[in-house]
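I opened the model in the viewer and kept a notebook. The entries are in the order in which I looked things up.

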Amino acid sequence: MLADQTVLDPEAKQVHHDKVEVDAFTALAIEEQDHDIKYRTLSWQKATLLLFGEYVCLAILALAWSWSVLGWVCGFFITFGLGIVTWYTSYVLWQFCMKHPEARDICDIAAILFPSIPRIAFELTGLMLLLNNIFLIGFHVFTGAKIFNTLSDSSICTVGFQAVTAVIGVIVSLPRTLNHVSIMSVVSAIAMGIAIILSMVYAGIEEHPFYGYGGNYPELGPVKTSIGLPGSPGFINGLNAVLNITFLWIGQILYPSFIAEMKRPQDFPKALASLTVLQLILFSVTAAVGYYYNGQYATAPIIGSLSEPWAKKSAFAFVLIPTVVIGTIYGNIAAKYLFKRILGNSRHAHSHSVVGWGTWIAIDIFIWTIAFVLGNIIPSMGDFLGIMSAAFDSFFGFIFWAVAYWHLNRNRLWANWKMTTMSIINIIIFVLGLFMLGPGLYTSVDAIVTDYSGSVKKPFSCASNAL
């Protein structure tokens with residue numbers, strides 16, 4: 001073997017580099033040493049901050065609405081239960097990535113998960129990756145206009161504010177590595193944390209909630225909460241509340257890309273454990289406080305329940321930073337997928353060349369333009385969260401990792417009581433994913449149709465979407 005050769009063995013567990021046996025991930029990092037742009041730069045601490053920044057988002061402020069539909073017991077049980085399931089499926093994801101270090105994103109993993117149709121699985125997953133991320137960016141374009149309208153008392157056309165948000169997003173998306181984005185993620189998490197704290201404080205000190213244009217307190221009576229289901233929410237309303245909670249937890253679509261950019265992917269479980277604890281605390285406290293003080297008046301986001309305009313504006317202003325940064329995180333992953341498909345492993349992919357940067361900028365503009373269109377078509381925050389949970393989280397949060405478990409343990413699925421129990425749990429996870437995909441997608445589409453049959457503004461309208 002020549003001294004400068006690097007050979008990945010069939011099991012992708014060891015690499016022989018310069019006649020010295022090293023693990024596959026170290027070998028992949030060594031390959032980057034001569035590159036202008038190095039991607040494997042994240043420590044597990046930075047990965048934790050980056051992931052947490054992704055989750056500290058406006059959707060957290062929709063949790064109180066979900067709990068107002070589900071009640072205390074169901075709301076907490078579903079929030080906590082989904083957290084445990086997400087931690088477990090994410091751990092399986094990491095195990096799979098450790099066995100297959102050649103997989104750099106969710107598309108590579110899909111090709112390995114479905115070996116009989118690897119090309120079809122890769123392409124379909126790539127399409128879902130792009131759609132999921134662009135839908136999420138569209139959600140943030142929609143939210144950006146909502147923030148600008150609220151802060152400025154709807155001073156210009158809503159479409160104009162969405163365009164401004166998209167342009168800001170393109171500019172912030174220019175860095176090509178997650179290492180740069182992780183710095184912005186810390187700032188994003190701090191800003192969103194302030195918005196969450198202000199929302200809870202204002203909800204606690206205000207005399208009564210606002211709820212809707214002109215307010216209707218006390219039309220629905222004094223604020224009240226319910227231990228069990230508050231009345232009969234109905235199948236569609238109830239499932240959409242669950243889907244909103246699910247959306248907050250499911251982020252595995254990005255995890256393979258994070259793991260691929262870590263210095264030591266072996267440390268990912270540390271980041272995952274830290275992240276899960278932080279999420280459980282943040283989600284539960286925010287939902288509980290918002291539901292306690294707003295009860296049946298809770299809105300999505302909860303800032304909409306505040307009665308004083310100054311309170312809405314001061315809390316909502318801090319949401320602008322995470323709106324752009326989180327959109328940038330998802331935009332970075334989507335852009336990398338297209339970038340890799342266009343330039344492959346050519347020198348432009350990791351060099352400061354005109355072709356490399358020109359392609360990257362063009363992709364960013366394309367992604368944010370499509371997101372701008374979606375932000376104008378889908379009518380509400382809840383509709384965005386519901387359809388994304390059903391169409392994409394069903395695969396990326398549940399189905400894929402039940403299949404990955406089967407690949408990792410196919411020869412010992414029923415070997416003993418412990419393996420039998422875990423196999424049954426993974427079957428349940430798989431069925432849960434299918435349920436989200438079928439009935440979940442139906443309820444999400446039905447909610448959008450219902451919104452457009454009501455008082456929702458037409459697409460590309462100047463009508464204000466302010467809180």
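**Ground rules**

I am working with a predicted model, where local features need pLDDT of at least 70, side-chain atom pairs count only at pLDDT 80 or more, and totals for chains, interfaces and linings use all residues. I number residues from 1 along each chain as its sequence is written, and side-chain values use heavy atoms, with hydrogens and water left out.

**Entry 1: the chain**

I began with secondary structure. The chain comes to 15 helices and 3 strands. I take both as DSSP runs, numbered from the N terminus: helices are H or I with at least four residues, strands are E with at least two. Next I looked up burial. Of the 467 residues in the chain, 54% are buried. Buried means under 20% relative accessible area, exposed means over 50%, and partly exposed is in between, with a 1.4 Å probe and protein chains only.

I then checked the contacts, meaning heavy atoms within 4.5 Å. Among those between residues at least 6 apart in sequence, 82% join residues at least 24 apart.

**Entry 2: the disulfide**

How many disulfides are there? I get 1 disulfide, taking the term as a pair of cysteine sulfur atoms within 2.5 Å. Cys 157 is joined to Cys 462, with an S to S distance of 2.0 Å. Cys 157 sits in the loop between helix H5 (118–152) and helix H6 (158–172), and Cys 462 in the segment after helix H15 (417–453), so the bond ties together parts that are 305 residues apart in sequence.

Why is the disulfide left-handed? The torsion about the S-S bond is about -95°, so that is the hand it gets.

I also looked up accessibility for the cysteines. Cys 157 is partly exposed at 24%. Cys 462 is exposed at 51%.

Two packed helices are described by the angle between their axes and the distance between the axes. I used lines fitted to C-alpha atoms, for helices over the stretch in contact, with angles from 0 to 180 degrees between N-to-C directions.

Helix H12 covers residues 320–343 and helix H13 residues 354–377; their axes come within 9 Å and cross at roughly 125°. That makes H12 oblique to H13. For this term, under 35 degrees is roughly parallel, over 145 roughly antiparallel, 65 to 115 roughly perpendicular, and the rest oblique. The crossing of H12 and H13 is right-handed. A crossing is left-handed if the near helix is turned anticlockwise from the far one by less than a right angle, and right-handed if clockwise.

Which residues make the contact? On H12 they include Val 324, Gly 327, Gly 331 and Phe 339; on H13 they include Val 355, Trp 360, Asp 364 and Trp 368. By class, I find 13 nonpolar, 6 polar and 2 charged residues in the contact of H12 with H13. Ala, Val, Leu, Ile, Met, Phe, Trp, Tyr, Cys and Pro count as nonpolar, Asp, Glu, Lys and Arg as charged, and the others, Gly among them, as polar.

**Entry 3: H2 against H12**

Helix H2 (residues 44–55) also crosses H12: the axes come within 9 Å, at roughly 115°. Left-handed or right-handed? H2 passes H12 in a left-handed crossing. Leu 50, Gly 53 and Glu 54 of H2 meet Ile 326, Ile 329 and Tyr 330 of H12. The classes in the contact of H2 with H12 are 4 nonpolar, 1 polar and 1 charged.

**Entry 4: backbone checks**

Most residues other than glycine have a negative phi, and most peptide bonds are trans. I looked for departures.

- The bond from Ala 300 to Pro 301 is cis, with omega near 0°. Pro 301 is in the loop between helix H10 (268–294) and helix H11 (309–316).
- Asp 153 has a positive phi, near 55°. Asp 153 is in the loop between H5 and H6 and is exposed at 57%.
- Ser 154 has a phi near 55°, also positive. Ser 154 lies in the loop between H5 and H6 and is partly exposed at 28%.

Ile 190 is in helix H7 (residues 178–205) and is exposed at 52%. Ile 190 and Ile 321 are 131 residues apart in sequence, yet 9.4 Å apart in space, C-alpha to C-alpha.

Arg 410 is in the loop between helix H14 (381–409) and H15, partly exposed at 41%. Its C-alpha is 9.9 Å from that of Ser 423, 13 residues apart along the chain.
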